[in-house]
Every structure is written in structure tokens, then in C-alpha cells.
Amino acid sequence: MNLKNEFNGPNFAYILELYQKYQANPNAVDEESRKLFQNWSPSSEGADSAPLPTVNLSAITGAVNLARSIRSYGYLSANLNPLEDTQEENRLVSLEFHKLTQADLASLPASVLSISGAQIDGNAAEAIETLRSIYSGSIGYDYGHIRTPEERDWLYQTAESGTYRQQLFDKKKLLERLSQVEAFELFLHRIYPGKTRFSVEGLDMLIPMLDEIVDSAAREKIPTVFMGMAHRGRLNVLAHILHKPYTQILAEFADPKGRATTWDELGWTGDVKYHMGAKKSVGNEKEAHTVIHMPPNPSHLEQIDPVLVGMARATNTKVERGGAPKYENVSLPVLIHGDASFIGQGIVAETLNFSRVQGYKTSGTLHIVANNQLGFTATENESRSSLHASDLAEGFEIPVIHVNADDPAACLEAVKTAFAYRQKFEKDFVINLIGYRRYGHNEGDEPRFTQPVMYRKIDKHPTVRKIWAKKLEEENVLNQNQAEEILQGFLKNLQQASEQLDAEKALVEPIPTPPPSGAAQKVKTAVTQKRLKDLNGNLLQFPESFRLNPKLVKAIEKRKTLFNESQSKIDWAAAEELAFASILEDGIPIRLTGQDSARGTFSQRHAVFYDSETGERHIPLQTFSQAKAAFEILNSPLSEAGAIGFEIGYSLAAPERLVIWEAQYGDFVNNAQGVIDEFLLSGRAKWGLTPSLVMLLPHGNEGQGPDHSSGRIERFLGLAAEINVRIAYPTTAAQYFHLLRRQALLLETDPLPLIVFTPKGLLRHPLTSSSIEELSSGKWHRVIDDSSLPGKKSDVRNLILCSGRIYVDLVTSELRKENKDDAVVRVEQLYPFPEKQLQELLGEYPKLERLIWVQEEPLNMGAWNYLRPLLKDLAGNDLSVHYVGRPESSSPSEGSSTLYRINQQSLIEQAFAFEKQLQTSSVVKTRG
């Protein structure tokens, strides 16, 4: 028996250690080992292994542990900082730590260490030096946190075998690329001194690394590469990866007077040059083309992260048929992060968390941390608690390679390894590209105020082009002056482009095309009763063996009789499901995600049923026969900024799909204010984006406290301008039905985000239910007149205007019957303001004296501050405009349900006894 063949390296050392114990005391080992050692001894392994029994077994154990430590911690001693000549050896990989001497290692054969993918002859000392050269060179492989054996083995084997280290590449071509990158920055610095461009200098290898990613994607026939990044190096990437013409970039620097500056009906403002995006198809006639798409990004550095992976997910999701969507890997997301922002911005962690979540994963995102070892002026110690900027990734079990940005060959090895891992395991990979920043945070900033020592080093430090050129000269690949000639050639090209520039003609801005006039008014949203009945019946068909939760049986049976009686009422959840089903029947896919959205926060939806015995899922909107497009329903991770950003990206990449995100409570949406401001509501004015995300925000003061009362109507209205969004607070199931259908039918002709403030406690209230006829023959009403007026319109002097749940409190109050000179009108669409509809309605009340806006939100919240000037213009000189509601407050609502009920009742009384309260109430606010 030859155990050395079966157990090598540390495993054979363990056998020897057991044998030593057996010799000292046979009972010290288990019975199986005793049987083995009765017929075996190390000398039986043959002449080549005869010396092994005399070896110090503690030295073998120490050597094996040292090798493991180098694999896990070698990166801590790697030469990763271009500004430092050497890196001090970490104790964890020292001989002393493992109680070894050089002589101990020299006495052991290299085979005891089992270096993956490599045949190492000689002794263990030589093998350890080989491992040090691999793990502590210009690359630091940070894989110790990877728990999956198959992945760990592949990663270590790839590193130790040099699979991507030994691949040949055109060294001179790389120099040419680095020269092009440097020339671009040098030229802009000379022609536009002090103008902000966020130079890539110090991280120049980012461009060749992205070249390698794009080329690899093309070889793998990946049709689309999405790239997201902040402003550092963005102009260089736009010019050389997305082939944005130099003339266009130079025109943006010139900033001609004739550029589009007018505030037209779309409110085009544009943005600074280093925020803009681009899209480019690359390839030749013989090869399939790869589209590179870089969406725009604001100065909120990492906001693009979830948006980009959402775009990739949409591209990978096929929805052309009914049922669940199909997934295929047809896009590659690449995110370029800053070092301070990667560790500092919480939205990064939210995005990384999506990487393996069903419905969000993208078959792996490649991350490059463009690490210049500084924030704006903040040092690494001021910016984070971790050793490396990339350490956040380890918590998500994402492999990390740290690489010195001044070693081009190492950078290319890193990116090739990352791409290969992503393709094999369909998971994320992080490259920590460690360089420096040639200038300050921007080119007008003076970094020597805060980092004098660091910038003395940078001032003396050669560029990576010069370093690479010197290496090629030493290898006789280049003549002595050839590198400078290459650089001057690229500078000459830029000079010619500048001299021939006509800035006004060269400047192209992505101003969006206005939608067809009146598109929203023309769309037909009604669905025939026959269609509704057929849809309802098919939605209620369950698999034969499916065991429904007993508590749901009665509700389902009642739904089955919905169309059997003419007086049947359709509640909110049923109207929503019928709307979804009819939209799917029209061939429009739907994606609905959010916090607890499958069931619904208030147990109202039940888009997913679970077998009460097996837990097996049944999703009616994926199984009904009429569907011509896919339906996707997901409970999202408990995130707002990341989740909403993801869905914004999804809607941008798939504008033909109805994409909906729902909050658990509308209050929580303020966690995502940044991504809403930047992408959803101002993205069109700045960048020409046309997102069409629907947001469902449960809203309404019901005595549940300040954090369960408000979807922050005032914030959305404060950002509404130039018809950039639709904002609605519907009060009936039919209104919600038509609103959803209208949004779906306008996706390709008049796409806009839709913000819907939805009910909570009123989901099952009789007054929010609707008749079948309201769905089959009705439409979306921006304004709803008083349908249960106690008196005549000719007697009405006070027109109470309101929106949402306060309507129910008003019309169910006993005071309603006593005040026949008051009418209650619902403003269902808050933005765009329904001026025409309200003007027509006012004409129907000939004795009207005043308009009274009633809301349950505080004075400084809700719709009042937005509506006040609009209502005053509407009223003119004939009517006075007044406010009834809670006084201004920093908190959205009371924390006490008792106090809530008292204040709510007081508010209703004030609304119906307005003249009496006008002079005395501290809550009633008169025209401002």
C-alpha cells in the first residue's frame, strides 16, 4: 500500500503524525488506524521516502500552516502601493510565527506543500519562496473568506498555476493604449487648465483593464456590457472605451453660448460633462457586436450601482410569454467604484446583497475599486475601519484581488481572472486597483494643503506609461525615443481635433422627444365585463391537489360569485389583480417587487398562495391562460435606496414593461430620497432618461404613529415640474384599476414615473369598493365631484377639496348631513394639476363663496403648500381659499391613537363649521 500516493502534502504529514502516536501508544489512535499501521510503516513507501520518518513532524506541520497562511494572508505583505518601495512582512506569514527556520524548510521536500497546478521540485524552502512570489508580489489574492470548496480550489489553482499570468499579450499595443490615455489627460490639462475633469492619472491601467473586459465579453458573445462609474476617470473611459468623439468632449469643455439652455416644456437643464452617459456598439462585420452602455451618474457617487444591476437584470430577463419570466446570461454589469465611497456609502452594501438574491442576481457583476488612497481630502484612516477599501465585499463572500496599478501585467492578470471566475461561477468579483491621484480631488483643488508628504512622492513618481516604456526598452521591444514619439502622435491628434472644432455644431445633447399631445387623455382603460368575468374565473383556478389556507377559503369562494350578481362590489385587491391580468392579456409584462409585496403588508393581495401542508407556491397571474406576457412578483430585500434604484434601472432598460415597487409603509420611502431625486424625478431634465417606475406608497394617518402615517406627499410634489411625473391619491378600487391600466398603456408613448399613495385601513372599506360597471365602462378621473351631496348644487357655498383617506372621514361624519351648503370634491390626481377639470367643476356651483382645502397632514406637509398658489389662481377674485388641517409640525403625526382620534374629529368639525371656526380656531388657516 502506497499511502504517499493517496495522501500527499499536509495529508501525508498527518498520516506520519498518527503513525508516530501509534508507535508511542497504539491505543492513542482509533481502531481503523491501528489496523492500518499493523501492516504499514513509512519505510514501506520506498527508497525515495525513506528519510521521511526521521523528519521533525512539527516542522512539517509548521510548513503546511505557513503555506496556508501565505495563501490566506500573503496579500498583507504584497507590494500593492505604487508610492511605497517595499511592504513590511506580516507576522502571519513569517517563519517565526510558525516556529520554523530556513533549515527546517530546506530539510523537507517541496511535495509536502502541494502547490496547486504547479510541479515544484526541490525542497520546501524553495516552494515557500514560490508561494511568496505568487501571493505577495504586485497582486494580493484575497480568497480566505470563500467557503465553497470548488470556488476556493479554482481560485488558488488559478493563482498558483499562473493560468492568466502567463498569457501572452501585445506589450507594445499596451504602451500605445497607455500613451493615448495619458495624452488625453495632458492635453486637457494644458488647454483647459484648472477646469474640472477628474483625471484618471494614477489609475491609468483602468482603461486597458476595461478593454480586456469588453474584448472578453465579445469573445464570449455577451451582447451587452453595462458600465457604471462616478466621475473619476469618466471622461477618459467615455473617450476610449465608449468612443465618444474628442470633438464632443472638447465642445463640452468649450461650453458654447449656443448650447440648449432654454427651459422648454420638458425642462431640459443638461448636466456637467463628467456625469453624462453614452452607448456604443463595438465589433466588426465578421463578429457579433457588443453594445457598451454607460448610463449617466450624479455626484452621489455610488447611486448608479443598483440602477446598473437593475438594467442588467432586465436585459437578462425574457418576458414575451405568459407565466414566470425566463432568465439568460446576456449582459455583463461592470461597476467602477471609488475607494472612499465603496466602503462609506451604504447603497454599495445594498447592491452587493442583490448579487445572489432570486430575481435580482445578474450572473455576476465585475467591480473595480479605483483606489487613489484618498477621499476628497480624507485619508484612509479617516474613511474606514477596515484595512482595505474593498473589505466590505468579504462579508458577501466575493473574491477580491488587490493589485498595484503601476504593474500593467498584474492588472491584466487580475481582470482576466475576475472575468473567468464570473463566467464559470456566475458570481461577483472585486478588483481593488490601488494607485494614486495625480492632482487634487478636482484639477482646481490643492491637495498639498492636506497631504503634503503624499504629494511630494506623487510629484516625483513616474507615470505608468513611463514605467512600462522603460521596461520595454530594457527588453529591447522599443527603441529609446519610440515611446515619446507614440505619445506625441496622440497629442497631435488631439491638437488637430481642437483646431478644427466648431463647438456649437459638435455639441450634441440627449434632449428627450416630447410625447404626443394629449396621449394620457386619449388612452382607453375600460375592460368589458366578459373579459373581466373570464379573467376572474381563471385567476381562481387552483391545482387539484392544492390545499388552500382555511382562512382564505371564504374570501376565494366569495370572489367566485363576483360576477353573478349585478350589485357586486369589487374591493381594492380584486381590482388590482384584474387590472394586472388585463394588462398581461394585452401583452404587457409586469414586475412587482417590494417589502412583503407577495402577500401585501395588510394581507390584502395574496399574489402568491402557499399550500398549507407543503408550502408549495401557486401564483395565479403566472398560470391563467389569457396571459400573453410574463408576470414577476418578488419580496424584495429590506432596502429602499438599493431596491428602488434597482427598479429604476430595470424600467430604463425595459421601458415596455410595467415595473412596480411597493413600500411596506410609505414612510420608509424617505430612505431612498437620493436615488429618487437624482434618477427618477430629475433624470429626464439632466440626462434625457425616461423612467416609468410605479411606486405604491401606503399613506394615511390612522393613529399608528409618525413612522406609519406618511408617504411624504409634499416631497414628491416639491420635485414635480415640467410634467416629469404623475402623482395620484386614488380613493376607489375603480380609480386604482384605471390608473394602473393607463400607466401600462402609456409606457411606450408617454412614459413617466407614477407615484400612487395607496390606502391601508381602507383597503376593505365599502366606500373604496367599486361596481363592475365602473371598471367596464369607466375611466380615470382626475377629479371626482360630490356624488352624495346632501342638498342641491345651487345651495353650495363651501367647496371642500380633499384627497385620499380624509374623504371617507368627511362623508361618513354625522356633520355631513347637517351641512347642505358644503360639497366634498376629491382631487385624485395631484400632479399634473387638473386645472381644466376643476375649473369646469367650479362652474357647476353658482353660489360658491370659498374653496376649503382639507387634509389630515400638518400644514407644512401634504399637498397644501403645492396647491395653495394653484387654488388661488383658480379662485381668482371671486372665491376665497382656506386651509383646514393640523398645524405645522416637524413630525408627520401623533404618537398616541387617542390623541389622533381627538385631533381628527376636531379637523372634521372645523371643515363642516367653517364660518364659526374662521375667527377662533388655531388650526384653521385662512387664505395666505
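1. Two strands pair if DSSP finds at least two bridges between them. Helices (H or I, at least four residues) and strands (E, at least two) are DSSP runs, numbered from the N terminus. On those terms, β9 (residues 400-404) and β10 run parallel and are joined by five bridges. Ile 401 has Ile 431 of β10 as its bridge partner. From β9 the chain passes through helix α16 (residues 408-425) to β10, a right-handed β-α-β crossover. Right-handed here means that, with the strands pointing away from the viewer, the path from the first strand over the helix to the second runs clockwise.

2. A word on the basis of these notes. This is a predicted model: local features need pLDDT of at least 70, side-chain atom pairs count only at pLDDT 80 or more, and totals for chains, interfaces and linings use all residues. Residues are numbered from 1 along each chain as its sequence is written, and side-chain values use heavy atoms, with hydrogens and water left out.

3. Strand β8 (residues 366-371) pairs with β10 in the parallel sense, over six bridges. Ile 368 is bridged to Ile 431 in β10. Ile 431 is also the bridge partner of Ile 401.

4. How well is β10 covered? Six of the six residues in β10 (residues 429-434) are buried. Buried means under 20% relative accessible area, exposed over 50%, and partly exposed in between (1.4 Å probe, protein chains only). Both faces are covered. Phe 429, Ile 431 and Leu 433 are buried on one side, and Val 430, Asn 432 and Ile 434 on the other.

5. Ser 363 deserves a look. It lies in the loop between α14 (346-353) and β8. Ser 363 counts as buried, because its relative accessibility is 4%.

6. Compare Asp 596, in the loop between β12 (590-594) and β13 (609-610). Phi is positive for this non-glycine residue too, near 70°. Asp 596 counts as partly exposed, at 35% relative accessibility.

7. Next, an open sheet. Five strands with mixed pairing take the order β21-β23-β22-β25-β26. The edges are β21 (783-784) and β26 (880-886); each has a single partner strand, so one side of each lacks a neighbour in the sheet. Within the sheet, β22 (residues 798-802) and β23 (residues 822-827) pair in the parallel sense over five bridges. Ile 800 has Val 824 of β23 as its bridge partner.

8. The loop between β24 and α34 holds Pro 832. The peptide bond joining Tyr 831 and Pro 832 is cis, with omega about -5°. Phe 833 is in the loop between β24 (829-831) and α34 (835-842) as well. Phe 833 counts as buried because its relative accessibility is 16%. Beyond its neighbours within four places in sequence, Phe 833 is in contact (heavy atoms within 4.5 Å) with Leu 838, Tyr 866, Leu 867, Leu 870, Leu 871 and Leu 874. Its C-alpha atom is 8.7 Å from that of Arg 782, 51 residues apart along the chain.

9. Finally, the whole chain. There are 37 helices and 26 strands. Of the 928 residues, 58% count as buried. The C-alpha atoms fill a box of roughly 115 × 80 × 60 Å along the principal axes. Of the contacts between residues at least 6 apart in sequence, 80% join residues at least 24 apart.
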